[in-house]
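Hi,

Here is the model I promised to pass on. My notes on the contacts follow below it.

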Amino acid sequence: MDSRPASFYWLAAFFTLFVLFLYGPTITILILSFQGPGGGLTFPMQGVSLHWFEQLFRGIGVVDIGSAFWNSLILGGIVTVITVVASVMAGLAFRRRFYGSGALFYVAIASLIIPSIVVSLGIALEFRIFDDSIKAIGDAYEIEWIWQNYTTMMGIYSSGLGAHLTWTFPFGLLIMFAVFNRFNPAYEEAARDLGATPWQTFAHVILPIIAPSIFGVALFGFTLSWDEIARSSQAMGADSTLPITLRSLTTTVTTPAIYALGTLTTMISLIVIVSLLTALVVVRRRQARRGSDAGKGVM
Amino acid sequence: MQIVLALICTIPFWTSNVIRMISWIPLLGRNGLVNQGLVGSGLIDTPLDGLLYSDFSVILAFVHLNTVFMIIPLLNSMSRIDKSLIEAAYDGGASGWQTLVNVVIPLCKTGITIGSIFVITIVMGDYITIGVMGGQQIASVGKIIQVQTNFLQFPLAAANAIVLLGAVLLMIVALTRFVDIRKEL
């Protein structure tokens, strides 16, 4: 082994500082969330307690954190499923050159590079137009049901879902693009030569090979959605998700209860990340074990 | 080892952005750790006010929140550099610095460009970070559009949004003249 040059130690020191910069603030609020009942928003700690977590579960202010939490979790789940299914299908479709594929690709990616406030405002205005048109129809044909029951189409699972997908789907598509660019078509040809139907080829050949990347897309989809705020803040309608609630709390709550909430959401993020990464490792191992039986004779 | 280091760099970005913003408050606030440290060490007599809710804290939070969008494209570009090119540079007598400037950086030009596109669009359209870290006192285009939307000034907000979109697209077009993004995937 060569002896390390001096620059290695300088760069390692720089990297350590960077990691400290990344983690330091989060660790600070993690510690401060266990602040004693008499403590404030900053150090020193006035004893150690779970007081602020209790406060949190009793509810702080007027906002309903519990429902915001479930909204975020369910929406994140739906967004993840749609992103995975749609980006795998799109990735497969884009392997063939079809008319307008280039344009379609850029349209799909475009929402990544559009400033988030523009997306958010655009979705909000679009749904206002929907609402106005439906009400106009109700007036024109005198449909009583619309007069009495219709308020808005805007909501967490319509406009909110759309806003999240403008952020998660392009990332999923980019990942699948990268995956299929490195995918060896010989596997599919072999499956076809052996008489597999297109569906069998997909289910038994392509899907197992791309499984780790699908976990990647799911991880991206969920964490981006769990944390999404810029695109959805104007587009959620009456409900709100956890990050939006958190942001409004930053201006109203001046106790360490907000740190307790921070600790809690960070823990949930970490649990999701760790479990998906573990699943990824398990799938990889399984692939390595059962990947190839070449040279092992016929069963 | 490289995978572990990459994970260390990316895991914080999978946690809540708002929480990561407010976690600067106990550090930068008037009675925060930084001020306590500076006053305690005798460097300054009165705590600095300009650390939190200022341009400084906004920029700090932007860097803190968005470095991942540069790290990942760079990682992607650099991991694809052929190791033999670097060995060739060393064999040709290049120093570490010369190899970095003449071999590595030109080869990850696309990564730098893609990272820049992400960071520029996120920062240009931001109004959350500016709001929270600027104490709702600092203006940005995004913040103005948000305020106008809240007051139901939709035509004005839409006009501002189109100007913002045009400006961002011009920057991106200028950047993409250097690379073919689709080739990078």
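Between chain B and chain A there are 0 salt bridges, counting a side-chain nitrogen of Lys or Arg within 4 Å of a carboxyl oxygen of Asp or Glu. The rule does find 6 residue pairs in polar contact there, both at pLDDT 80 or more; that takes a pair of N or O atoms within 3.5 Å, and within protein one must be able to donate a hydrogen and the other to accept it, with residues adjacent in sequence counting only if both atoms are side-chain atoms. On the chain B side, helix α12 (residues 154-176) gives the most, with 9 residues; helices are DSSP runs of H or I, at least four residues, numbered from the N terminus.

This is a predicted model: local features need pLDDT of at least 70, side-chain atom pairs count only at pLDDT 80 or more, and totals for chains, interfaces and linings use all residues. Residues are numbered from 1 along each chain as its sequence is written, chains are lettered from A and ligands numbered from 1 in the order written, and side-chain values use heavy atoms, leaving out hydrogens and water.

As for extent, 57 residues of chain B are in contact with 59 of chain A (heavy atoms within 4.5 Å). The two chains bury about 5,000 Å² between them, 75% of it on carbon and sulfur atoms; this is the accessible area (1.4 Å probe) lost on putting the parts together, summed over both.

Inside chain A, domain 1 (16-60 + 254-267) and domain 2 (65-252), with bounds from an automatic or database assignment, have centres 33 Å apart over C-alpha atoms.

Cheers

Conventions:
Helices (H or I, at least four residues) and strands (E, at least two) are DSSP runs, numbered from the N terminus.
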